[in-house]
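I opened the model to look up its sheet, its salt bridges and a few single residues. My notes follow the order in which I checked them.

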Amino acid sequence: DRGRRIGHILDPRTGLPAEGVLSATVIAETAADADALSTAAYVLGPAGLPLIAPPGGGTSAVLVLPGSVAGSVRLRIENLAADEFDLDMAEGVEIEPPS
């Protein structure tokens with residue numbers, strides 16, 4: 001749109017493309033739940049994670065957000081123990097502590 005790249009996920013509160021999240025991944029009991037919840041996580045951003053992946057619940061989430069330095073990314077991981085994933089840290093990747 002006028003030289004700006006926009007996504008296909010719309011924020012129903014504004015009717016405009018959702019912004020602020022680069023990627024949202026949810027691990028849930030079913031693929032349908034994971035699909036719906038990852039879209040919600042993309043729209044709601046970090047503020048919505050307590051609703052989507054509450055501590056001790058059966059759902060986990062990973063958000064990839066813009067980092068503090070241009071070209072870097074910030075990972076927000078909720079309800080997923082460190083021994084449940086393998087993360088190769090690279091330059092420009094920041095880990096944000098869970099809420």
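The entries below begin with the ground rules and then go through the structure by topic.

**Ground rules.** I am working with a predicted model, in which local features need pLDDT of at least 70, side-chain atom pairs count only at pLDDT 80 or more, and totals for chains, interfaces and linings use all residues. Residues are numbered from 1 along each chain as its sequence is written, and side-chain values use heavy atoms, with hydrogens and water left out.

**Sheet.** I took helices (H or I, at least four residues) and strands (E, at least two) as DSSP runs numbered from the N terminus. I counted two strands as paired if DSSP finds at least two bridges between them. On that basis I found an open sheet of 4 strands with mixed pairing, in the order E1-E2-E3-E4. Its edge strands are E1 (23-27) and E4 (93-96), each pairing on one side only. Neighbouring strands are turned by 20° against each other on average, direction ignored. For angles, I used axes as lines fitted to C-alpha atoms, for helices over the stretch in contact, with values from 0 to 180 degrees between N-to-C directions.

**Strand pairs.** I looked up E2 (residues 60-66) and E3 (residues 73-78), which pair in the antiparallel sense over 6 bridges. Ala-61 has Glu-78 in E3 as its bridge partner, and Val-64 stands opposite Leu-75 in E3. The hairpin of E2 and E3 has 6 residues between the strands, and Gly-71 there takes a positive phi near 90°. E3 and E4 pair in the parallel sense over 4 bridges. In that pair I noted Arg-74 opposite Glu-94 in E4.

**Helix H1.** I found helix H1 (residues 31-44) lying across E1 and E2, running at about 145° to E1. Ser-38 lies in this helix. Is Ser-38 buried or exposed? I used buried for under 20% relative accessible area, exposed for over 50% and partly exposed in between (1.4 Å probe, protein chains only). Ser-38 is buried, because its relative accessible area is 15%. Ser-38 touches Ala-24 and Val-26, not counting residues up to four places away in sequence; contact means heavy atoms within 4.5 Å.

**Salt bridges.** I counted a side-chain nitrogen of Lys or Arg within 4 Å of a carboxyl oxygen of Asp or Glu as a salt bridge. The structure holds 2 of them. One joins the side chains of Asp-11 and Arg-13 (2.8 Å, N to O). Asp-11 is buried at a relative accessible area of 9%, whereas Arg-13 is exposed at 59%. Another joins Glu-78 and Arg-76 (2.9 Å, N to O). Glu-78 counts as buried at 4% relative accessibility, and Arg-76 is buried at 7%.

**Loops.** I located Pro-55 in the loop between helix H2 (49-52) and E2. Pro-55 is exposed, because its relative accessible area is 68%. Pro-55 and Glu-84 are 29 residues apart in sequence and 15 Å apart in space, C-alpha to C-alpha. Phe-85 is in the loop between E3 and E4. I logged Phe-85 as partly exposed, at 30% relative accessibility.
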